[in-house]
Amino acid sequence: MAETNLQVLLRRRPQGEPTPDDFEIREAPAPEPAEGEVLVRARFLSLDPYMRGRMSDAKSYAKPVEIGAVMEGQTAGEVVASRAPGFAPGDTVLGGFGWQRFSAVPAARLFKVDPDEAPLSASLGVLGMPGLTAWVGLEDIGQPKAGETVVVSAASGAVGQVVGQIAKIRGCRAVGVAGGKAKCDFVTGELGFDACVDHRGDLKAQLEAACPDGIDVYWENVGGAVQAAVFPRLNDFGRMVMCGMIAEYNDASPRPGPNLMACVRKRLRIQGFIVSDSGWQRYGRFRAEMLGWMRDGRMRWREDVVDGLRAAPQAFIGLLKGANFGKLVVRVD
Ligand SMILES: NC(=O)c1ccc[n+]([C@@H]2O[C@H](COP(=O)([O-])OP(=O)(O)OC[C@H]3O[C@@H](n4cnc5c(N)ncnc54)[C@H](OP(=O)(O)O)[C@@H]3O)[C@@H](O)[C@H]2O)c1
(Lines give C-alpha, C1' and ligand atoms only; values in the text may rest on other atoms or scores of the structure.)
Protein backbone atom coordinates (compact mmCIF):
# COMPACT_ATOMS: atom_id res chain seq x y z
CA MET A 1 0.00 0.00 0.00
CA ALA A 2 1.31 3.43 -0.93
CA GLU A 3 2.58 5.53 1.95
CA THR A 4 0.79 8.73 2.83
CA ASN A 5 2.32 11.93 1.60
CA LEU A 6 2.00 15.12 3.60
CA GLN A 7 2.22 18.36 1.65
CA VAL A 8 2.11 22.06 2.42
CA LEU A 9 0.55 24.08 -0.38
CA LEU A 10 0.21 27.80 -0.99
CA ARG A 11 -3.47 28.56 -0.54
CA ARG A 12 -3.32 32.29 -1.29
CA ARG A 13 -0.83 35.12 -1.61
CA PRO A 14 -0.16 36.87 1.71
CA GLN A 15 -0.79 40.57 2.13
CA GLY A 16 2.02 41.80 4.38
CA GLU A 17 2.99 39.26 7.02
CA PRO A 18 2.06 35.66 6.07
CA THR A 19 -0.56 33.92 8.22
CA PRO A 20 -1.30 30.19 8.69
CA ASP A 21 -4.38 30.62 6.47
CA ASP A 22 -2.10 31.38 3.52
CA PHE A 23 -1.06 27.70 3.62
CA GLU A 24 -2.99 24.48 3.18
CA ILE A 25 -1.85 21.17 4.63
CA ARG A 26 -2.94 18.15 2.64
CA GLU A 27 -2.56 14.39 2.80
CA ALA A 28 -2.27 12.45 -0.45
CA PRO A 29 -0.91 9.09 -1.56
CA ALA A 30 2.85 9.12 -2.06
CA PRO A 31 3.72 9.38 -5.78
CA GLU A 32 5.03 6.44 -7.82
CA PRO A 33 8.39 7.12 -9.47
CA ALA A 34 8.30 7.02 -13.28
CA GLU A 35 11.14 5.57 -15.37
CA GLY A 36 14.28 7.64 -14.64
CA GLU A 37 12.83 8.92 -11.36
CA VAL A 38 13.61 8.29 -7.73
CA LEU A 39 11.18 8.32 -4.80
CA VAL A 40 12.65 10.38 -1.97
CA ARG A 41 11.53 10.63 1.60
CA ALA A 42 12.47 14.02 3.06
CA ARG A 43 14.27 14.02 6.40
CA PHE A 44 14.97 17.76 6.64
CA LEU A 45 13.34 20.72 4.91
CA SER A 46 15.15 24.04 4.75
CA LEU A 47 13.11 27.16 5.52
CA ASP A 48 14.61 30.30 4.02
CA PRO A 49 13.69 33.97 3.70
CA TYR A 50 13.50 33.77 -0.12
CA MET A 51 10.32 31.72 0.23
CA ARG A 52 8.46 34.91 1.17
CA GLY A 53 9.26 36.16 -2.32
CA ARG A 54 7.98 32.95 -3.92
CA MET A 55 4.63 33.46 -2.18
CA SER A 56 4.21 36.78 -3.97
CA ASP A 57 3.54 37.29 -7.67
CA ALA A 58 5.49 40.56 -7.77
CA LYS A 59 8.09 40.58 -10.55
CA SER A 60 11.25 38.89 -9.33
CA TYR A 61 14.23 36.82 -10.41
CA ALA A 62 12.29 33.58 -9.92
CA LYS A 63 8.76 32.46 -10.73
CA PRO A 64 6.25 32.50 -7.86
CA VAL A 65 4.77 29.32 -6.44
CA GLU A 66 1.36 28.83 -8.08
CA ILE A 67 -1.70 28.98 -5.88
CA GLY A 68 -2.50 25.40 -4.86
CA ALA A 69 1.03 24.18 -5.55
CA VAL A 70 3.46 22.65 -3.07
CA MET A 71 5.68 25.29 -1.46
CA GLU A 72 9.22 25.32 -2.84
CA GLY A 73 12.13 24.32 -0.67
CA GLN A 74 15.42 22.48 -0.40
CA THR A 75 15.32 19.11 1.32
CA ALA A 76 17.70 16.42 2.43
CA GLY A 77 16.37 12.89 2.48
CA GLU A 78 16.77 9.28 1.53
CA VAL A 79 15.89 7.25 -1.49
CA VAL A 80 13.06 4.79 -0.82
CA ALA A 81 12.63 3.48 -4.37
CA SER A 82 14.59 4.03 -7.54
CA ARG A 83 13.90 3.61 -11.25
CA ALA A 84 17.07 5.44 -12.19
CA PRO A 85 20.60 4.09 -12.57
CA GLY A 86 23.04 5.27 -9.93
CA PHE A 87 20.46 5.53 -7.12
CA ALA A 88 19.42 2.80 -4.71
CA PRO A 89 17.16 2.68 -1.66
CA GLY A 90 19.03 4.03 1.36
CA ASP A 91 21.07 6.60 -0.58
CA THR A 92 21.20 10.04 1.00
CA VAL A 93 20.27 12.85 -1.39
CA LEU A 94 19.73 16.59 -1.56
CA GLY A 95 17.38 18.47 -3.86
CA GLY A 96 14.56 20.96 -4.18
CA PHE A 97 11.66 18.65 -3.37
CA GLY A 98 9.45 21.22 -1.66
CA TRP A 99 7.46 21.17 1.53
CA GLN A 100 6.40 17.54 1.38
CA ARG A 101 7.28 14.19 2.86
CA PHE A 102 7.61 12.21 -0.38
CA SER A 103 8.49 13.27 -3.89
CA ALA A 104 9.22 11.49 -7.13
CA VAL A 105 12.14 13.30 -8.70
CA PRO A 106 14.08 12.92 -11.97
CA ALA A 107 17.54 11.60 -11.10
CA ALA A 108 19.20 14.63 -12.70
CA ARG A 109 17.72 16.85 -9.97
CA LEU A 110 19.33 14.86 -7.16
CA PHE A 111 22.71 15.35 -5.51
CA LYS A 112 23.99 12.30 -3.68
CA VAL A 113 25.90 12.94 -0.44
CA ASP A 114 27.91 10.80 1.93
CA PRO A 115 25.95 10.83 5.21
CA ASP A 116 29.14 10.20 7.19
CA GLU A 117 30.74 13.49 6.06
CA ALA A 118 28.55 15.74 8.22
CA PRO A 119 25.16 15.72 9.94
CA LEU A 120 22.44 15.61 7.28
CA SER A 121 20.82 18.90 8.30
CA ALA A 122 24.14 20.71 7.77
CA SER A 123 23.73 20.11 4.06
CA LEU A 124 20.87 22.62 4.17
CA GLY A 125 22.84 25.23 6.15
CA VAL A 126 26.55 25.68 6.55
CA LEU A 127 27.23 23.05 3.85
CA GLY A 128 24.20 24.00 1.79
CA MET A 129 22.71 26.99 0.02
CA PRO A 130 23.28 29.51 2.85
CA GLY A 131 26.93 28.48 3.31
CA LEU A 132 27.47 28.59 -0.44
CA THR A 133 25.85 32.04 -0.53
CA ALA A 134 28.32 33.34 2.05
CA TRP A 135 31.32 31.82 0.33
CA VAL A 136 30.39 33.00 -3.18
CA GLY A 137 29.41 36.52 -2.12
CA LEU A 138 32.66 37.06 -0.26
CA GLU A 139 34.77 35.62 -3.03
CA ASP A 140 33.08 37.56 -5.85
CA ILE A 141 32.06 40.84 -4.23
CA GLY A 142 33.24 41.31 -0.65
CA GLN A 143 36.84 40.26 -1.31
CA PRO A 144 37.90 40.80 2.31
CA LYS A 145 41.59 41.41 2.91
CA ALA A 146 43.49 40.76 6.12
CA GLY A 147 43.17 43.65 8.52
CA GLU A 148 39.89 44.95 7.07
CA THR A 149 36.66 45.31 9.04
CA VAL A 150 33.73 43.20 7.82
CA VAL A 151 30.27 43.93 9.20
CA VAL A 152 27.50 41.36 8.68
CA SER A 153 23.84 41.80 9.56
CA ALA A 154 21.63 38.90 10.71
CA ALA A 155 24.96 37.60 11.99
CA SER A 156 23.58 34.69 14.00
CA GLY A 157 21.57 33.42 11.04
CA ALA A 158 22.28 30.85 8.38
CA VAL A 159 24.24 33.06 5.99
CA GLY A 160 25.60 35.56 8.52
CA GLN A 161 27.27 32.96 10.72
CA VAL A 162 29.32 31.72 7.81
CA VAL A 163 30.17 35.17 6.43
CA GLY A 164 31.70 36.33 9.70
CA GLN A 165 33.65 33.16 10.26
CA ILE A 166 35.11 33.21 6.75
CA ALA A 167 36.05 36.85 7.35
CA LYS A 168 37.91 35.76 10.50
CA ILE A 169 39.65 32.96 8.61
CA ARG A 170 40.77 35.59 6.07
CA GLY A 171 42.33 37.66 8.88
CA CYS A 172 39.65 40.37 9.10
CA ARG A 173 37.92 42.03 12.02
CA ALA A 174 34.40 40.57 11.98
CA VAL A 175 31.56 42.57 13.48
CA GLY A 176 28.05 41.13 13.61
CA VAL A 177 24.68 42.82 13.89
CA ALA A 178 22.00 40.74 15.60
CA GLY A 179 18.80 41.10 17.58
CA GLY A 180 19.19 40.71 21.35
CA LYS A 181 21.84 39.76 23.89
CA ALA A 182 21.58 35.99 23.46
CA LYS A 183 22.26 36.19 19.73
CA CYS A 184 25.08 38.72 20.18
CA ASP A 185 26.71 36.54 22.86
CA PHE A 186 26.53 33.55 20.52
CA VAL A 187 28.08 35.56 17.68
CA THR A 188 31.08 36.68 19.73
CA GLY A 189 31.38 33.68 22.05
CA GLU A 190 30.61 30.64 19.92
CA LEU A 191 31.37 32.00 16.46
CA GLY A 192 34.39 34.10 17.46
CA PHE A 193 33.40 37.43 15.87
CA ASP A 194 35.35 40.35 17.35
CA ALA A 195 32.20 42.25 18.29
CA CYS A 196 28.44 42.17 17.83
CA VAL A 197 26.03 45.08 17.72
CA ASP A 198 22.47 44.66 19.01
CA HIS A 199 20.17 46.35 16.51
CA ARG A 200 17.55 46.79 19.22
CA GLY A 201 19.91 49.23 21.00
CA ASP A 202 21.66 52.42 19.89
CA LEU A 203 23.03 51.23 16.57
CA LYS A 204 25.05 54.33 15.77
CA ALA A 205 26.99 54.41 19.05
CA GLN A 206 27.58 50.66 19.08
CA LEU A 207 28.81 50.63 15.47
CA GLU A 208 31.21 53.48 16.18
CA ALA A 209 32.65 51.61 19.14
CA ALA A 210 32.85 48.27 17.31
CA CYS A 211 34.33 49.68 14.11
CA PRO A 212 36.96 52.26 15.14
CA ASP A 213 38.60 52.06 11.69
CA GLY A 214 35.31 52.25 9.76
CA ILE A 215 33.82 49.46 7.67
CA ASP A 216 35.50 47.96 4.61
CA VAL A 217 32.94 45.29 3.75
CA TYR A 218 29.27 45.37 4.69
CA TRP A 219 27.34 42.15 4.14
CA GLU A 220 23.70 43.22 3.79
CA ASN A 221 21.12 40.68 4.91
CA VAL A 222 18.59 43.00 6.47
CA GLY A 223 18.10 46.52 5.01
CA GLY A 224 15.99 49.07 6.88
CA ALA A 225 17.46 50.79 9.94
CA VAL A 226 20.60 48.62 9.99
CA GLN A 227 21.48 49.60 6.44
CA ALA A 228 20.90 53.27 7.23
CA ALA A 229 23.24 53.07 10.24
CA VAL A 230 26.02 51.14 8.52
CA PHE A 231 26.09 52.99 5.19
CA PRO A 232 27.66 56.28 6.36
CA ARG A 233 30.46 54.37 8.09
CA LEU A 234 31.75 52.62 4.96
CA ASN A 235 35.38 53.43 4.18
CA ASP A 236 36.81 54.57 0.85
CA PHE A 237 36.81 51.64 -1.58
CA GLY A 238 34.45 49.74 0.72
CA ARG A 239 32.29 46.98 -0.68
CA MET A 240 28.66 46.30 0.08
CA VAL A 241 27.55 42.75 -0.63
CA MET A 242 23.84 42.99 -1.38
CA CYS A 243 22.56 39.58 -0.28
CA GLY A 244 19.07 40.35 1.01
CA MET A 245 16.88 42.83 2.92
CA ILE A 246 14.70 40.65 5.12
CA ALA A 247 13.44 43.58 7.21
CA GLU A 248 11.46 44.72 4.17
CA TYR A 249 10.10 41.42 2.81
CA ASN A 250 6.69 41.83 4.43
CA ASP A 251 6.24 45.42 3.26
CA ALA A 252 2.95 45.74 1.39
CA SER A 253 4.36 48.54 -0.76
CA PRO A 254 7.94 49.70 -1.43
CA ARG A 255 9.50 52.21 0.96
CA PRO A 256 10.28 55.65 -0.49
CA GLY A 257 13.59 56.28 -2.19
CA PRO A 258 15.78 53.94 -4.20
CA ASN A 259 15.29 50.42 -2.89
CA LEU A 260 18.61 48.60 -2.90
CA MET A 261 16.82 45.24 -2.96
CA ALA A 262 16.87 45.79 -6.73
CA CYS A 263 20.63 45.12 -6.50
CA VAL A 264 19.83 41.59 -5.33
CA ARG A 265 16.93 40.89 -7.68
CA LYS A 266 18.60 42.35 -10.78
CA ARG A 267 22.23 41.57 -9.80
CA LEU A 268 23.00 45.27 -10.17
CA ARG A 269 26.50 46.48 -9.74
CA ILE A 270 26.69 50.00 -8.35
CA GLN A 271 30.22 51.27 -8.02
CA GLY A 272 31.45 54.76 -7.53
CA PHE A 273 34.75 56.04 -8.88
CA ILE A 274 36.88 59.17 -9.07
CA VAL A 275 38.49 59.77 -12.44
CA SER A 276 41.82 60.67 -10.89
CA ASP A 277 42.16 57.26 -9.20
CA SER A 278 43.58 55.71 -12.34
CA GLY A 279 42.19 57.77 -15.23
CA TRP A 280 45.21 59.97 -15.92
CA GLN A 281 47.42 56.92 -16.20
CA ARG A 282 45.31 55.97 -19.20
CA TYR A 283 45.12 59.46 -20.67
CA GLY A 284 47.30 58.67 -23.68
CA ARG A 285 45.15 55.72 -24.73
CA PHE A 286 41.95 57.69 -24.12
CA ARG A 287 43.16 60.69 -26.14
CA ALA A 288 44.21 58.63 -29.12
CA GLU A 289 40.90 56.78 -29.27
CA MET A 290 38.83 59.93 -28.79
CA LEU A 291 40.75 61.86 -31.45
CA GLY A 292 40.05 59.03 -33.88
CA TRP A 293 36.30 59.22 -33.19
CA MET A 294 36.30 63.02 -33.51
CA ARG A 295 38.11 62.87 -36.82
CA ASP A 296 35.90 60.23 -38.37
CA GLY A 297 32.71 61.98 -37.21
CA ARG A 298 31.53 59.38 -34.68
CA MET A 299 32.03 61.80 -31.80
CA ARG A 300 30.15 65.11 -31.80
CA TRP A 301 30.31 67.76 -29.11
CA ARG A 302 28.68 71.01 -28.21
CA GLU A 303 30.23 73.88 -26.28
CA ASP A 304 28.67 76.86 -24.53
CA VAL A 305 31.28 79.64 -24.74
CA VAL A 306 30.98 82.76 -22.61
CA ASP A 307 33.20 85.75 -23.24
CA GLY A 308 35.54 87.27 -20.70
CA LEU A 309 36.71 86.21 -17.30
CA ARG A 310 34.31 88.69 -15.72
CA ALA A 311 31.44 86.61 -16.98
CA ALA A 312 32.76 83.52 -15.21
CA PRO A 313 30.93 83.89 -11.85
CA GLN A 314 27.52 84.34 -13.46
CA ALA A 315 28.17 81.52 -15.91
CA PHE A 316 29.16 79.24 -13.05
CA ILE A 317 26.04 80.15 -11.08
CA GLY A 318 24.01 79.33 -14.19
CA LEU A 319 25.80 75.99 -14.60
CA LEU A 320 24.36 74.81 -11.31
CA LYS A 321 20.84 75.68 -12.55
CA GLY A 322 21.05 74.36 -16.08
CA ALA A 323 21.59 77.69 -17.86
CA ASN A 324 24.48 76.26 -19.88
CA PHE A 325 23.85 74.20 -22.99
CA GLY A 326 26.81 71.93 -23.60
CA LYS A 327 30.30 72.09 -22.15
CA LEU A 328 30.67 75.49 -20.52
CA VAL A 329 33.97 77.25 -21.21
CA VAL A 330 35.11 80.85 -20.80
CA ARG A 331 36.94 82.60 -23.63
CA VAL A 332 39.30 84.40 -21.30
CA ASP A 333 40.31 87.32 -23.52
N1 LIG B 1 21.21 36.57 -2.55
C2 LIG B 1 21.12 35.25 -2.30
O3 LIG B 1 21.40 34.38 -3.15
C4 LIG B 1 20.67 34.81 -0.93
C5 LIG B 1 20.77 33.48 -0.55
C6 LIG B 1 20.40 33.14 0.76
C7 LIG B 1 19.91 34.10 1.62
N8 LIG B 1 19.79 35.38 1.18
C9 LIG B 1 19.33 36.46 2.07
O10 LIG B 1 20.20 36.48 3.19
C11 LIG B 1 19.50 37.00 4.32
C12 LIG B 1 19.70 36.06 5.50
O13 LIG B 1 19.11 34.83 5.19
P14 LIG B 1 19.30 33.58 6.17
O15 LIG B 1 18.81 32.40 5.45
O16 LIG B 1 20.68 33.59 6.67
O17 LIG B 1 18.27 33.92 7.32
P18 LIG B 1 18.59 33.98 8.86
O19 LIG B 1 19.59 35.07 9.04
O20 LIG B 1 18.92 32.62 9.36
O21 LIG B 1 17.20 34.41 9.52
C22 LIG B 1 16.69 35.68 9.34
C23 LIG B 1 17.23 36.68 10.38
O24 LIG B 1 17.04 38.00 9.89
C25 LIG B 1 16.96 38.88 10.97
N26 LIG B 1 15.81 39.79 10.80
C27 LIG B 1 14.57 39.46 10.46
N28 LIG B 1 13.78 40.56 10.43
C29 LIG B 1 14.58 41.58 10.77
C30 LIG B 1 14.37 42.97 10.91
N31 LIG B 1 13.17 43.52 10.71
N32 LIG B 1 15.43 43.77 11.24
C33 LIG B 1 16.64 43.24 11.46
N34 LIG B 1 16.90 41.90 11.34
C35 LIG B 1 15.88 41.11 11.00
C36 LIG B 1 16.73 38.05 12.24
O37 LIG B 1 17.94 38.05 12.99
P38 LIG B 1 18.13 39.10 14.19
O39 LIG B 1 17.15 38.71 15.26
O40 LIG B 1 19.54 38.94 14.57
O41 LIG B 1 17.83 40.45 13.64
C42 LIG B 1 16.46 36.66 11.70
O43 LIG B 1 16.88 35.65 12.56
C44 LIG B 1 18.05 37.17 3.89
O45 LIG B 1 17.85 38.53 3.51
C46 LIG B 1 17.95 36.29 2.66
O47 LIG B 1 16.93 36.68 1.79
C48 LIG B 1 20.16 35.75 -0.08
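Here are legends for a few close-up views of this predicted model.

**View 1. The protein splits into three stretches, called domains 1, 2 and 3.**
Domain 1 covers residues 4-119, domain 2 takes in 129-272, and domain 3 spans 280-331. Take the C-alpha centres of domain 2 and domain 3, and you'll find them 42 Å apart.

**View 2. Strand β3 pairs with strand β4 and with strand β6.**
Residues 37-45 make up β3, and residues 75-82 make up β4. These two run antiparallel, joined by seven bridges. With β6, residues 102-106, strand β3 again pairs in the antiparallel sense, here over five bridges.

**View 3. Zooming in on arginine 41, we meet its partners in β4 and β6.**
In β4, arginine 41 has glutamate 78 as its bridge partner. In β6, the residue standing opposite arginine 41 is phenylalanine 102.

Cysteine 196 counts as buried, with 17% relative accessibility.

**View 4. Cysteine 211 is another cysteine that is in no disulfide.**
For cysteine 211, the nearest cysteine sulfur belongs to cysteine 196, and that one is 11 Å away. Is cysteine 211 buried or exposed? Its relative accessible area is 7%, so cysteine 211 is buried.

Key: Residues numbered from 1 in each chain as written. Predicted model: local features only at pLDDT ≥ 70, side-chain atom pairs only at ≥ 80, totals over all residues. Heavy atoms only, no water. Domains from an automatic or database assignment. Pairing = 2+ DSSP bridges. Helix = DSSP H or I, 4+ residues; strand = E, 2+ residues; numbered from the N terminus. Buried < 20%, exposed > 50% of the residue type's maximum accessible area, 1.4 Å probe, protein only. Disulfide = S-S within 2.5 Å.
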